[in-house]
Amino acid sequence: MFRLPLVSLACAVVFSLSAGRAHEAGVQMAEVANVFLLSLNEEQKAKATFKFEDEERINWHFIPRERLGLPMKEMTPQQRLLAHALMNTGMGFRGAAKAVTIMSLEEVLFQMEGAEESKRAAAREKRDPEKYFVSIFGTPDPKGTWGWRIEGHHMSLNFTIKDGNLLRATPSFMGTNPGELRQGPLTGLRVLGKEEDLGRELVKSLDEAQFKVALVDVVAPKEMLTEAAKKVDPLKPEGLADTELNAVQKAKLREIIDEYLGRLRPEIAAETWAEIEKSGPVFFAWAGGKERGEPHYYRVQGKTFLIEYDNVQGQANHPHSVLRSFDGDFGRDLLAEHYKDAHAK
């Protein structure tokens, strides 16, 4: 019997499911995750897999630290491709492009920090494009409840699947350093440039009265207020409500939200948009300066979600950004419903 290589099999799964023969994103994720796991040896699988209930599932962060999971550094070329195939089941084209570019910037940081021969070993240990870790929580099953994560410096992508088809995709973090490359062959590259520009365009469109309400501090915080909290509650609804915006400004606010949701695959983005649109007012808050190069911060908050963007470090050339869900991070809302139903039975 003819057998496809594992990489080809994963690509075939992605193609066939996107073609409509099995449309649920969770089903696709389970298929590709199982192909990935099939490629691992026992030692690799022990690093990559956890019980669904393991506390590690919510132990996320975006700093360069030691992590659990299977690093791409310890994968074969084929396994790395399969890891990327899994990542692509959760991302839209925009998000996938941002993700791999963020990973590639670790090499830029290595070149910047390891210029001196005496510093190269330490710089390589800290800055490595292959120190991104894949973790599978529970058993990937087309009808099951499980989760997965791909994480490393400046990136944390978390997905939770319930009963094979209902899913959550937060926390979803992306950051870049440098925010804009100012030397070398990639000069001008700004992975999160759209996130920055859209926020600035909206704040600059506000009239004096609107800006007075939107401005929550003349000094931008040094980091996102929620940082890497395992659970977030709604922040004080400071800032300007969307009901106080004109039509052009409302469209710009929608662009900002869409830039974050558009990182994710369309089904997830559409479901999140539906929740936002029926959940009441959305607030836009700004802190810091309005001009490029000035430290700045903004957040967009509704009843169910929070977007934070902060660009203060490195002379305002080191942005962090995150999409959070107050009840849905790590699928808490879906899982509460799941356990309630199981207990009732």
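Tyr298 counts as buried because its relative accessibility is 0%, where buried means under 20% relative accessible area, exposed over 50% and partly exposed in between, with a 1.4 Å probe and protein chains only. The model is predicted: local features need pLDDT of at least 70, side-chain atom pairs count only at pLDDT 80 or more, and totals for chains, interfaces and linings use all residues. Residues are numbered from 1 along each chain as its sequence is written, and side-chain values use heavy atoms, with hydrogens and water left out.

Tyr298 belongs to strand β11 (residues 296–301); strands (E, at least two residues) and helices (H or I, at least four) are DSSP runs numbered from the N terminus. The distances involving Tyr298 are tabulated below.

| Pair | Atoms compared | Distance |
|---|---|---|
| Tyr298 and Glu195 | side-chain polar atom of Tyr298, backbone oxygen of Glu195 | 2.8 Å |
| Tyr298 and Tyr260 | polar contact between side chains | 3.0 Å |
| Tyr298 and Phe284 | C-alpha to C-alpha | 7.2 Å |

A polar contact is a pair of N or O atoms within 3.5 Å; within protein, one must be able to donate a hydrogen and the other to accept it, and residues adjacent in sequence count only if both atoms are side-chain atoms.

Phe284 is also, with Ile257 and Val300, among the residues with the most contacts inside the largest nonpolar core, which has 67 residues. Helix α2 (residues 25–38) supplies the largest share of this core, eight residues. Such a core is a set of buried Ala, Val, Leu, Ile, Met, Phe, Trp, Tyr and Cys residues joined through side-chain atoms within 4.5 Å. Beyond its neighbours within four places in sequence, Ile257 contacts Trp273, Ile276, Val282, Val300, Phe305 and Ile307. Another core, of eight residues, lies apart from the largest one and includes Ile58, Phe62, Ala228 and Val322.

Technical notes
Contact = heavy atoms within 4.5 Å.
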